[in-house]
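Open your viewer and get ready to select a few residues one by one. We will stop at each and look at what is there.

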Amino acid sequence: MDEFYLPEEILEWLGLKKSEYLSKLIVNIGPTDFQFEEYLRFEEFIPATLSLPDWSVETLEDKQKVKTFCRTFANPEVFHQIVIGALIPDQDKNEIFIPILSFVTRHESLIKIFSAGEISRRLLN
């Protein structure tokens with residue numbers, strides 16, 4: 001792929017969204033859930049979450065498309081991984097996924113907080 005440059009206003013918006021989502025995560029994370037220092041051990045699952053999510057949703061925030069992917073894994077234990085990113089058009093009008101935040105959780109209640117939007121991929125049975 002050719003190089004992709006983000007305009008300064010998009011970079012600022014991405015930073016603000018990351019802060020907003022991180023604040024929401026901090027407020028809602030429970031004491032029995034994974035803590036931030038544990039997230040690194042789940043990074044290897046991100047490609048599978050993005051390529052084969054159980055579900056994904058799209059929403060429009062500040063005139064920008066935001067897409068959230070979720071996949072549930074059962075190894076080494078049951079956990080849900082969420083990856084949130086913006087869909088930014090390039091020069092050819094293709095949408096490039098720019099990650100904003102990813103996290104893992106044991107609790108479906110936390111997933112529901114980040115799952116608002118129009119379903120773009122339904123839950124697999």
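Start by selecting K63, which counts as exposed because its relative accessibility is 78%. (Exposed means over 50% relative accessible area, buried under 20%, and partly exposed in between, with a 1.4 Å probe and protein chains only.) Before moving on, note that this is a predicted model, in which local features need pLDDT of at least 70, side-chain atom pairs count only at pLDDT 80 or more, and totals for chains, interfaces and linings use all residues. Residues are numbered from 1 along each chain as its sequence is written, and side-chain values use heavy atoms, with hydrogens and water left out.

K63 sits in the loop between β1 and β2. (Strands are DSSP runs of E with at least two residues, helices are runs of H or I with at least four, and both are numbered from the N terminus.) Check the backbone here: the phi of K63 is near 65 degrees, a positive value in a residue other than glycine. Most residues other than glycine have a negative phi.

Now select D62, in that loop between β1 (55-61) and β2 (64-73). D62 also has a positive phi, about 55 degrees, although it is not a glycine. With 54% relative accessibility, D62 counts as exposed.

Which side chain meets that of D62 in a salt bridge? Show K17: the two side chains meet at 3.7 Å, N to O. (A salt bridge is a side-chain nitrogen of Lys or Arg within 4 Å of a carboxyl oxygen of Asp or Glu.) This pair links distant parts of the chain, with K17 in helix α1 (residues 8-28) and D62 in the β1-β2 loop, 45 residues apart. Is K17 buried or exposed? K17 counts as buried, at 6% relative accessibility.

Next, go to R41 and E77, which form a salt bridge with their closest N and O atoms 3.7 Å apart. R41 lies in the loop between α1 and α2 (46-51) and E77 in the loop between β2 and β3 (79-89), so the pair ties together parts 36 residues apart in sequence. R41 is partly exposed at 43%, and E77 is partly exposed at 27%.

For the last stop, select K67 and E58, whose side chains meet in a salt bridge at 3.7 Å, N to O. K67 counts as buried at 16% relative accessibility, while E58 is partly exposed at 25%. The structure holds eight salt bridges, including the ones on this tour.
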